[in-house]
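Me: I would like to go through the backbone geometry of this model. Could we take it one residue at a time?
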Amino acid sequence: MSPEEAELNAAVEAILNSDSPKKLVVAGPGTGKTSLFKRMLKAASGVPDQRIVLTFINNLKDDLERDLGDIAKVHTLHSYCLSLLYGKPALRGSLSRRFRCCPGLASLIAVDWELIVESKPPPFVGEMRNLAEENHIPFYLSRGEYYDAVDFDDSVYRVFDGFRAGRAPVDGYELVAIDEYQDFNALEAGIIDHLGEHNRIVIAGDDDQALYGQWRDASWDHIRLLKKAGEYKVFELPFCMRCPEVVVDAVKDVITKARELGRLEGRIDKPYKHFAPVKGVDSEKYPKIANVETSVQNKKTNYMGRYIAQAIAGIPLDEVEEAVRGCYPSALVIVARPYRDQIIAYLKSKGITVETRVESQSKLTRESGLSILKEDGDSNVGWRILLSADAPTFLRDAIKQTADRTMALASVIPVGYRESVLADVDAYVPPEELTRVDVEVTPVEVPVVRVTSFEGAKGLSAQHVFIAGLHNRELPLNPAAVKDIEICKLVVGLTRTRKKCTILHTRRFANQPKSPSTFISWIAPERLDSVNVDKAYWKKLEET
């Protein structure tokens, strides 16, 4: 057994052998948290339904379910809270047992406030996520009950408030496992607190990967405070078993430079080391990060797209097959607009199949309202969605008449409009479910290429990772005042890499000069293989 293997085994055994009912595992990207969860869940008593794993977004949940679904119930926190609301009447309040989950409901209730109260709507969702003491949440919950519907955040809030008030007991489990804790907000952390008070629990996270503060009011403060509080026994996983050595070292360069500049104040210090027994061969094959600068980038002279397409075409077949077996993409392109669409267009023009990950959109379309009314012609939320889509002149009066919740929405709208909508409902045919008969299967030797944002890359990894558009005034937005979350984005991007990482930037885009991101200078130059892509580069390539 190598010294690295002995150190790793000791770290894992310390966690497994601890009798502490509350464990916090602080571990960087690719350090084996899922493998640790698997061993802990297998060792726990009871049947799979008595063990749960919670994370915060669907693509993370899907991966965990694939790896752990046979030994535990795996949920996003939102889906877990929805299941509790359906199963526990005491948590539902005035919601019926057949309430609907309607993503986008929060926006409708905000408009209701404007129409009923006649003032700017308060930040309902922010008040819930931050557990604001002074809040307007009762109005929100009341309207939600009128519509017999919930959105994501209020489903969590209803469960938290029910636990806090003692309206329903917290379920007991043999083990609760929490992943990516750094991406939970105060409300979600509050649910975890309740679970931890009544169950054996293991929480895993890494404040270097916290990306969702701007989107979801998440905060790395929760994991930092949890470590300091002393209530949880703290452990570490020291080795990265995903990335080649050059990426591990580049991450350490970035963290070191950030700390020298006074950034990442309060960061949890943690080991993050190359694991030669697993990644030694890859590290020898891919000893450098490619630092690619193109002379120009635009739709016509699409050097970024062309370079990435060339690199994808060169991925060895054994690496493609390994990715297929591991259920992850061969190539991952992390890029934001305006470069994103140009790169995707070029890849597709070369016959490369591209999977994109986009933010989920509100499902409150006119068709969704018609679909609800097809099932229940008296549904308040169905009529409310139609009113939102059609924006009739009587909208304000109709909503104000329902302020006290005594009148059904269908009863306060003009007869002509109601009959017109019901005619549309009668004519509406819901889209049929697509069958999977005769689905064309992509050959194994064709690389799967996924394009996403830094936030969308969370939970993903790939053999080859391309981080495109790494410029000052973009990442970071202000090179003289780098933000901690921008550093976290870079760390997340780099550490998606299993084999080789490539960063791309250009000297000119849309006739405007660009400068490479200051982050590139944070990485030791000996770790970078600089490539200048211009007309001469392609000419030389064609000649060879």
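Me: Is Leu 264 buried or exposed?
Reply: Leu 264 is buried, with a relative accessible area of 2%. The cut-off for buried is under 20%. Please note that this is a predicted model.

Me: And what is the phi of Leu 264?
Reply: Phi of Leu 264 is near 55 degrees, which is a positive value in a residue other than glycine.

Me: Where does Leu 264 lie?
Reply: Leu 264 belongs to the loop between helix H13 (245–260) and strand E10 (273–274).

Me: Now Asn 511. What is its phi?
Reply: Asn 511 is not a glycine, yet its phi is positive, at about 65 degrees.

Me: Is Asn 511 buried or exposed?
Reply: Asn 511 counts as exposed, because its relative accessibility is 65% and the cut-off for exposed is over 50%.

Me: Changing topic to peptide bonds. Which kind joins Arg 337 and Pro 338?
Reply: The peptide bond between Arg 337 and Pro 338 is cis, with omega about 10 degrees. Pro 338 is located in the loop between strand E12 (331–334) and helix H17 (339–349).

Me: What about Leu 475 and Pro 476, cis or trans?
Reply: Leu 475 and Pro 476 are joined by a cis peptide bond, and omega is about 5 degrees there.

Me: And where is Pro 476 found?
Reply: Pro 476 sits in the loop between strand E15 (462–468) and helix H22 (484–494).

Definitions and conventions
Residues numbered from 1 in each chain as written. Predicted model: local features only at pLDDT ≥ 70, side-chain atom pairs only at ≥ 80, totals over all residues. Heavy atoms only, no water. Helix = DSSP H or I, 4+ residues; strand = E, 2+ residues; numbered from the N terminus. Buried < 20%, exposed > 50% of the residue type's maximum accessible area, 1.4 Å probe, protein only.
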